[in-house]
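Please look through the sequence and the model below before reading on. The report then takes up the ligand and its surroundings, followed by some individual parts of the chain.

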Amino acid sequence: MRTALLIFCICTLFSCDSTEPPQPTPPIGDLATQVKAETQRAWAAYKQYAWGRDVLLPISKGAENWYEEPLYISPIDAYSTLKVMGLDEEAAEIETYIIDSVSFDKDISVKVFEVNIRVLGGLLAMYQYSENEQVLQKAIDFADRILPAFDSPTGVPYYSVNLKTGAVDGKVVNVAEAGTYLLEMGVLSHFSKNPIYYEKAKRATKAIYDRRSSLDLIGQDIDVETGEWTKTTSHICAGIDSYYEYLYKGWLLFGDPELKAIWDTSIVAVHTYLPEMKDSLLWYGRVDMYTGKHVSSVVTLYDAFFPAVLALSGDMVRAEKMQATWNWLWNRYGLEPMAYDYATGKPTYPVYDLNPEIIESAYYLYHFTKDPKYKAMGEKYFADILKYCKTEIAFSAVENVETMEQRDYMATFFFAETMKYFYLLFREDDGFHFDDYIFTTEAHPFKKELLANFNYQAQ
Ligand code: DMJ
């Protein structure tokens, strides 16, 4: 009996009839179902092993907080993904928990950039979906606690702020940390009818732009008190990336023409000085902001956000070329290294942290071109993540993409971004229409319609 069963199974797996045509690949909808199932599995693990803490440790089955006390970053970041996937019960549980059990009145010093995109962005998405006024009050309370960071002489926020006392720390920040607030703060101004948030965010962004060089390039690190550049390297990599992203998305979401003007000037400079072709691949390297001279060929996997933004802005030629570059790099290793030198062809930091950018860009490019190759790219990325990052209970980062040794950490953006973009790419526009939303840099989707009468002049 057992032998017969075994033969049946083998026949089913490998097909006994050699003349039979090859099995079709599973319908794409099945991949969306699989992504959803994997998200549910990882979410169940978070709940079992890390509930109330910031992050799940997916190998040791432990949990970790970013600071001395938890900020509930994983559930807040995960909420909008659960809603997009129709996991309403799981999402409702987070909402109840945030309202009933969470207070941000904590004597901890937090990184302003990170908590803005993950906590404030997540809470605002929660309010958008739930329309629960108590959630909005939480978002306002949280934003008011980070606002003191913006009271620097330049308006560029300090690196960190104490949520209880408002004490600030860290007077040198990079441009991403300086200028990634427009979306969250603008949405909050609109929902709360208080212009202060957008005002602060815009002042910080303009403080960066106003200090551009005569080539219209900006540097990487700035002193928030003196306004002097402490690192004059210009690029689109980690450390600057989302500053550019928020200029264009801010324009699209709020219709503020000043943001469009800043984007228009900045992007010309970016395309003039940064691109470099190597072995038929398009890279965006690092140059000095004053001379435009090339200083480094080290790029970061975060740069793969750029094809998405370029596609959004209508620059499909560069978007497709750059995605091809990142796709090449992914396939060279099977996952991407965090930092890579395209001149030497070697990773300079081989970690893969479950980052979403290349998947995000595949989703955007598939949306705009409907070319199946972008869906195929996503299939490959998902298969590789299943192969190398899956753990008994969830998914882990990888210490080194050359050895695929796993690292006991599952970043909160794996819920917020990575799984959301996979799901949307595979599921297509069924139920969730790309054109209706602008995604924050943490993939929290804001409905354009809700912001339609945003009054940027009042801000
Ligand atoms: C996310 O936290 C955000 O997208 C941020 O802007 C930079 N990248 C990480 C994920 O890689």
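## The ligand and its pocket

A molecule is said to sit in a pocket if more than half of its atoms lie within 2 Å of the grid points of that pocket. In this predicted model, the ligand sits in the largest pocket.

The shell around the ligand is formed by Ile-117, Arg-118, Tyr-302, Asn-355, Pro-356, Glu-357, Phe-413, Glu-417, Thr-441 and Glu-442. By residue class, this shell divides into four nonpolar, two polar and four charged residues. Two helices, H5 (112-130) and H16 (413-427), each supply at least two residues of the shell.

## Polar contacts and burial of the ligand

Which side chains place a polar atom 2.9 Å, 2.8 Å or 2.7 Å from an oxygen atom of the ligand? For Asn-355, an N or O atom of the side chain is 2.9 Å from a ligand oxygen, while for Glu-357 a polar side-chain atom lies 2.8 Å from an oxygen atom of the ligand. In the case of Glu-442, the separation between a side-chain N or O atom and an oxygen atom of the ligand is 2.7 Å. Taken alone, the ligand exposes 300 Å², and the protein buries 93% of that area.

## Helix H3

Helix H3 covers residues 73-84, and because eleven of its twelve residues are buried, the helix is largely enclosed by the rest of the structure. The buried residues of H3 are Ile-73, Ser-74, Pro-75, Ile-76, Asp-77, Ala-78, Tyr-79, Ser-80, Thr-81, Leu-82 and Val-84. After H3 comes Gly-86, which has a positive phi, near 75°.

Trp-251 belongs to helix H10, which runs over residues 241-254. Trp-251 and Val-55 are 196 residues apart in sequence, and their C-alpha atoms are 33 Å apart in space.

How values were computed. Residues are numbered from 1 along each chain as its sequence is written. This is a predicted model: local features need pLDDT of at least 70, side-chain atom pairs count only at pLDDT 80 or more; totals for chains, interfaces and linings use all residues. Side-chain values use heavy atoms; hydrogens and water are left out. A residue is near a molecule or strand if one of its heavy atoms lies within 4 Å of it. A polar contact is a pair of N or O atoms within 3.5 Å; within protein, one must be able to donate a hydrogen and the other to accept it, and residues adjacent in sequence count only if both atoms are side-chain atoms. Accessible areas come from the Shrake-Rupley method with a 1.4 Å probe; for residues, only the protein chains shown count as cover. On a 1 Å grid over the protein atoms alone, a cavity is a set of points where a 1.4 Å probe fits but cannot get out, and a pocket is an open set with protein on both sides within 12 Å along at least five of seven lines; lining residues have an atom within 4 Å of a point. Helices (H or I, at least four residues) and strands (E, at least two) are DSSP runs, numbered from the N terminus. Ala, Val, Leu, Ile, Met, Phe, Trp, Tyr, Cys and Pro count as nonpolar, Asp, Glu, Lys and Arg as charged, and the others, Gly among them, as polar. Buried means under 20% relative accessible area, exposed over 50%, partly exposed in between (1.4 Å probe, protein chains only).
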